[in-house]
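Q: Could you walk me through a few local details of this one? I have the sequence and the coordinates open.

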Amino acid sequence: MDYTKNSISTLAIISLLLVVFIYISTLSTFPPKTFLSFQINPTKSPIGMAQYELEEALKKASMAEKTVIITVINKAYVEPYNGEYPSMFDLFLEGFWEGESTRELLEHLLVVAVDQTAYERCKFRRLHCYRLVTGDGDFAGEKIYMSEEFIKMMWRRTRFLMEVLKLGYNFIFTDTDVMWLRNPFLMLNKSKNLDLQMSTDWFNGDSFSYSNSINTGFYYVRSNRKTITLFEIWYAMRRNSKGMKEQDVLAKMLREGVNKELYLRMKFLDTLYFGGFCSDNKDVKLVMTVHANCCRTIEAKVADLKNVLVDWKRYKEGHVAAGENSFKWSKHISCNNSWHVLNPTLS
């Protein structure tokens, strides 16, 4: 009788342990989701001649400590809109010419062309040019904002920039609708303790607050294990982010704490220095760059950026007094009106 009771007790204990083991095994099989557990499929890096050409282009454009400036262009940005000059690319380069201590920076600008027309225009200007063969779409023309082709182009750009980081290069990425009026390196923190410095549409007053509204049209990133991993996860997230552009995906990742998981040190740039049409710079004595953000069409961007250069030239020539209360940028009428245009487009 005692033997039977002991056998039943032993069997019950074994059964209980088995249940606990299965439960624990189940938990370990399905861990809490983290960014580092997100599946990153290997991407095809440039090989052969393409790899050689990219490395050579980066080497020629590089400044000290393997740092370059990168912009991406297509046919829509290099050709005049509706046959009227200047083109967006013309204005972009004019900004370097008219800016303070910016002309020499063109020696370190790598222009990445996603179609043959853009590449030929770049070579004609004797700049550092790289022809990015995409193989996954026609990126030559102007794309409808947030269309499938537009989103695909933004993700292809992110993938390319990830490859640059993997080659060990730090870079400033700049959209071609950013006017460089002063040398931004004078304001950017060159400390290796900072991994990524990113522009904002609206600055909340705290350079280290992750509630700032980011803009991926201008940022400075250092090549290291943390930033490469960030870009790998960022690019991989496109699979679960249908209908979202890359900027919105990165903003979501930051809200969900990817920076903490990667121990990423970021700084968000004050619009007082790195301004744009979303939030005008208030003091022309401090402005570094002006971005035609909060604008939907190339035509509108070109019209209002031409006014930015006119304003800047007037300031430089002394036709207006420098100071917060005496200088005002022209109103961005074309960009404001662009929000009312049917089927808005953006290259």
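This is a predicted model: local features need pLDDT of at least 70, side-chain atom pairs count only at pLDDT 80 or more; totals for chains, interfaces and linings use all residues.

Q: Which cysteine does C278 pair with?
A: C278 forms a disulfide with C294, with the sulfur atoms 1.8 Å apart. The pair links distant parts of the chain, 16 residues apart, with C278 in the loop between β10 and β11 and C294 in the loop between β11 and α10.

Q: And is C294 buried or partly exposed?
A: C294 counts as partly exposed, because its relative accessibility is 27%.

Q: What handedness does the disulfide of C278 and C294 have?
A: The torsion about its S-S bond is about 100°, so this disulfide is right-handed.

Q: How many disulfides are there in the structure?
A: There are three, and with bonded cysteines counted along the chain they follow the pattern 1-2, 3-4, 5-6. One of them joins C295 to C335, at an S to S distance of 2.1 Å, and its torsion of about -80° makes it left-handed. C122 and C129 form another, with sulfur atoms 1.9 Å apart, and both of these cysteines are buried.

Q: Switching topic, where does N170 sit?
A: N170 lies in strand β5, which covers residues 170–174, and it counts as buried because its relative accessibility is 4%.

Q: What does the side chain of N170 reach?
A: The N170 side chain reaches the backbone oxygen of E65 at 2.9 Å. Leaving aside residues up to four places away in sequence, N170 touches several others, including K66, T67, V221 and R222.

Methods:
Residues are numbered from 1 along each chain as its sequence is written. Side-chain values use heavy atoms; hydrogens and water are left out. Helices (H or I, at least four residues) and strands (E, at least two) are DSSP runs, numbered from the N terminus. Buried means under 20% relative accessible area, exposed over 50%, partly exposed in between (1.4 Å probe, protein chains only). A polar contact is a pair of N or O atoms within 3.5 Å; within protein, one must be able to donate a hydrogen and the other to accept it, and residues adjacent in sequence count only if both atoms are side-chain atoms. Contact means heavy atoms within 4.5 Å. A disulfide is a pair of cysteine sulfur atoms within 2.5 Å.
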